[in-house]
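Trainee: Please put the model up, and then let us go through it by question and answer.

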Amino acid sequence: MAQRRVTEFFARRRPGPAARRAKSACRTPSSAAGPALTPGSNRKRARPPAAPGSSRPGPPARRRLRLQDAQDSCPTSPPAPPSPSKKVKRTAPSEGQLPCLAAPKDKALSKDTISEVQSCLQRARVLGAQAQALRASAQKDAKETSTSAAEGSAEQPCGEKAPAYQRFHALAQPGPPGLVLPYKYQVLAEMFRSMDTIVGMLHNRSETVTFAKVKQAVQDMMRRRFEERNVGQIKTVYPESYRFRQERNIPTFKDGMKRSDYQLTIEPVLDSEAGSAPQLTASRLLQRRQLFSRNLVERVKEHHRAFLASLSPPMAVPEDQLTRWHPRFNVDGVPDIEPAELPQPPSTERLTTAQEVLARARSLMSPRMEKALSDMALRSAEPSSPGPPSPVLPATPPATPPSALKGVSQALVERIRAKEAQKQLAQMTRRPEQELRLQRLERLPELARVLRGVFVSERKPALTMDMACARMVGSCRAALSPGEMEQHVLLLAELLPDWLSLHRIRTDTYIKLDKATDLTSIAARLAHQARAEGL
């Protein structure tokens, strides 16, 4: 029963002949004029024929219809946009039809239109010529800019600025500040250590030490380039370390080097011992390495001494009391070590000018050839065009100290400078033990507050040293061990015996604290003590 009702529903919804007639009545005029559609024929509309005398093709067959009225379902074809040479002709609507625009008819171009087109072409040619001229000028400017940039880059020095980890190497060293060597000096010390190790191995085996062997081995150890310039720097710092010679007839196992070629040989200078050949042992290697480091420090001290003499007022620090560099002394800015001259292979005499040939083989030549060579010698001996004189660099005047501030007396400025110089002098001559004591003094005000808080929280008149130090380690901001905390407590008891006292009973040490004392006065006394010892 349900299947029957569904079938009847779709039968009623199917469009009948009347609906088809209503749909066929709503056609475009072009399609209405065409042949009638048969049930088995195609539903496409016929393409309307083009207007006679027009080169423009007719409108497409499938064109979307535009409704002219919301209530009327008869579409009309959209009018074409009017052109300067075409006019739109309106036709009177017939009965039962909507007013529609007639198809535009093409006409010949008028003389005004031709003149307008010609003027547009002329303007286009002028604009094209201007664009080409601008493009050519832009290319010329770009070439000049690139040429000037190349000249500027050629004028710049070849040396590049050192990276930051080399320029500020001394500031990044761990531990307390001391006589830190520049980065390039430390690299040179490492090169000497590697070179001395390789030379010692080869010398102990009674093998001839050549620069080629040492170079390859040092580069493998340091992962750096090792050249003759570095060997010259080592000779400058430690002249008594090696003996250099140019020798040949040394057996080599390389294809690019002949046995007759000269090679730079290296021989360590050692104290001869009676009855045995000198050997480069580990203790001697260590002594030579320490001596090389001391020589490097002495070179930096020379530059530091010159820097102190250039200050205002000048400073003088005894060499045996110097423990650190001046705060404003640029350690990594110390100039590089000039390499010493190494022995060069003897140069074979070569005849380069006609006059030398004439002097050597005068007796072996005929008079005619001798005359020709003498003429050539006279021509080559003529003075050539003098070259430009080498520019003499003007002597740089010594750096003058900055002028005093306006409104400030010169005597006050001198006193401030003298006090600052005295403070820097004390800082440069401070021993490591004094530096450690100053660091502890700076922490004492905070540790005094922590220790008083521990006594208040425990509510006891006395505490053992181990217990107090353990509680203070957990409450202090600085990372200190219990042993270091005990040293700070002992220093507190030394400086403030009226506030903190120690009592040894059997094997333990007890601490007693005066809670009634104002903590602000305790902190002030500790700060004053730190300032007094820091000067």
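Mentor: A cavity is a set of points, on a 1 Å grid over the protein atoms alone, where a 1.4 Å probe fits but cannot get out, and its lining residues have an atom within 4 Å of a point. The model is predicted, so local features need pLDDT of at least 70 and side-chain atom pairs pLDDT 80 or more, while totals for chains, interfaces and linings use all residues. Residues are numbered from 1 along each chain as its sequence is written, and side-chain values use heavy atoms, without hydrogens and water.

Trainee: How many cavities of 30 Å³ or more are there?

Mentor: Grid points are joined across faces, edges and corners, and a volume is the space filled by probe spheres set on the points. By this rule the count of cavities of 30 Å³ or more is 2.

Trainee: How many residues of the largest cavity's lining are charged?

Mentor: This cavity holds about 40 Å³, and its lining consists of Lys301, His304, Arg305, Leu308, Val317, Glu319 and Leu322. Asp, Glu, Lys and Arg count as charged; Ala, Val, Leu, Ile, Met, Phe, Trp, Tyr, Cys and Pro as nonpolar; the others, Gly among them, as polar. The lining then divides into 3 nonpolar, 1 polar and, as charged residues, 3.

Trainee: Which element gives the largest share of the lining of the second largest cavity?

Mentor: That cavity, of about 30 Å³, is lined by Phe192, Arg193, Asp196, Thr197, Leu285 and Arg289. Two or more of these residues come from each of α6 and α9 (282-309), where helices (H or I, at least four residues) and strands (E, at least two) are DSSP runs numbered from the N terminus. The largest share, 4 residues, is given by α6.

Trainee: How far apart are the end C-alpha atoms of helix α6?

Mentor: The expected span of a helix is 1.5 Å times one less than its number of residues. For the 22 residues of α6 (residues 183-204) this gives 32 Å, which agrees with the distance between the end C-alpha atoms, 32 Å.

Trainee: Which residue just after α6 takes a positive phi?

Mentor: Most residues other than glycine have a negative phi, and most peptide bonds are trans. The residue just after α6 has a phi of about 60° and is serine 206.

Trainee: Where is asparagine 249?

Mentor: Asparagine 249 also has a positive phi, of about 65°, although it is not a glycine. Its place is the loop between β3 (242-247) and β4 (263-268).

Trainee: Is the peptide bond from serine 312 to proline 313 cis or trans?

Mentor: Proline 313 sits in the loop between α9 and α10 (354-360). With omega near 0°, the bond from serine 312 to proline 313 is cis.

Conventions
On a 1 Å grid over the protein atoms alone, a cavity is a set of points where a 1.4 Å probe fits but cannot get out, and a pocket is an open set with protein on both sides within 12 Å along at least five of seven lines; lining residues have an atom within 4 Å of a point.
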